[in-house]
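The following exercises are to be worked with the sequence and the coordinates at hand. Each task is followed by a solution in steps.

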Amino acid sequence: MRARYTKRTGPFACHRGHVVGSAPTAGDLPPAARRHLSRGAAELVYNPYHTTTWRIAWPEGRVLYLKAAHTGAYPSLSAERDRLLWLAGRGAPVPEVADAGAGECVEWLLTVALPGLPATDPVHL
């Protein structure tokens, strides 16, 4: 049986029984982040360890990615946001940060999709 962190025993205090290393679900998202999932067709595209990513196709054709991770996870999504903004300020072709924030248990990062194929697409393998 895997150990569980509780409010008294570990860094994932607010995770209310989640197994250590589990990724957040849509139900774990704060309302401010969950509203992004409801704006279009959301598809779960990545869910390893402590991060979950959804691809959201908005009706007007815009595609965004919503990443969620438990607060206190490393590396943090707030640090990723800061790196993206720093790189964008220097002219690097990185995803635009559309929104970011954190609730008690989960932080999120919403980015605008870049054109092209992901590096993990079979055409590149």
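**Exercise 1. Secondary structure**

How many helices and how many strands are there in the protein chain? State also the order of the elements and the share of buried residues.

Solution. The model is a predicted one. Step 1: the protein chain contains 2 helices and 5 strands. Step 2: read from the N terminus on, these elements follow the order α-β-β-β-α-β-β. Step 3: of the 125 residues in the protein chain, 29% are buried.

**Exercise 2. Pairing of the strands**

Determine which strands pair with strand 3, and in which sense. Then describe the pairing of strand 4 with strand 5.

Solution. Step 1: strand 2 (residues 51-57) and strand 3 run antiparallel and are joined by 7 bridges. Ile-56 is found opposite Leu-64 of strand 3. The hairpin made by strand 2 and strand 3 has 5 residues between the strands, and in this hairpin Gly-61 adopts a positive phi near 100 degrees.

Step 1: strand 3 also pairs with strand 5 (residues 106-112), again in the antiparallel sense, over 7 bridges. Two facing pairs can be located here: Ala-68 stands opposite Trp-108, and Tyr-65 stands opposite Thr-111.

Step 2: strand 4 and strand 5 are antiparallel partners over 5 bridges. In this pairing Ala-100 stands opposite Leu-109 of strand 5. The hairpin formed by strand 4 and strand 5 leaves 3 residues between them.

**Exercise 3. Burial of two strands**

How many residues of strand 3 and of strand 5 are buried? Assign the buried residues of strand 5 to its sides.

Solution. Step 1: a residue counts as buried under 20% relative accessible area. Step 2: strand 3 (residues 63-70) is mostly covered, with 6 of its 8 residues buried.

**Exercise 4. Charged side chains**

Solution. Step 2: one of them links Arg-35 and Asp-99, with an N to O distance of 3.7 Å. Arg-35 belongs to helix 1 (residues 31-37) and Asp-99 to strand 4 (residues 97-102), so this pair ties together parts that are 64 residues apart in sequence.

Step 1: Glu-80 and Lys-67 form another salt bridge, and their closest N and O atoms are 2.9 Å apart. Because Glu-80 lies in helix 2 (residues 77-89) and Lys-67 in strand 3, the pair ties together parts that are 13 residues apart in sequence.

Step 2: Arg-81 and Asp-82 meet through their side chains in a salt bridge of 2.8 Å, N to O.

**Exercise 5. Aromatic rings**

How many aromatic pairs does the structure hold? Which residue lies over the face of Trp-58?

Solution. Step 1: the number of aromatic pairs is 0. Step 2: Arg-39 lies over the face of Trp-58, at 3.7 Å from the ring centre.

**Exercise 6. The largest pocket**

State how much space lies in the largest pocket, and which elements supply its lining.

Solution. Step 1: rolling a probe the size of a water molecule over the atoms shows where empty space is left. Step 2: the largest pocket holds about 680 Å³ of space. Step 3: its lining comprises 19 residues, of which Val-45, Thr-53, Tyr-65, Pro-118 and Ala-119 lie nearest the centre of the pocket.

Step 1: at least two lining residues come from each of strand 1 (41-46), strand 3, helix 2 and strand 5. Strand 5 gives the most to this lining, with 3 residues.

Conventions
Residues numbered from 1 in each chain as written. Predicted model: local features only at pLDDT ≥ 70, side-chain atom pairs only at ≥ 80, totals over all residues. Heavy atoms only, no water. Buried < 20%, exposed > 50% of the residue type's maximum accessible area, 1.4 Å probe, protein only. Helix = DSSP H or I, 4+ residues; strand = E, 2+ residues; numbered from the N terminus. Pairing = 2+ DSSP bridges. Salt bridge = Lys/Arg side-chain N within 4 Å of Asp/Glu carboxyl O. Phe/Tyr/Trp six-rings, centres within 6.5 Å; stacked < 30°, edge-to-face > 60°. Lys NZ or Arg CZ within 6 Å of the ring centre and 35° of its normal. 1 Å grid on protein atoms, 1.4 Å probe; cavity = no way out; pocket = protein on both sides within 12 Å on 5 of 7 lines; lining within 4 Å. Points joined across faces, edges and corners; volume = space filled by probe spheres on them.
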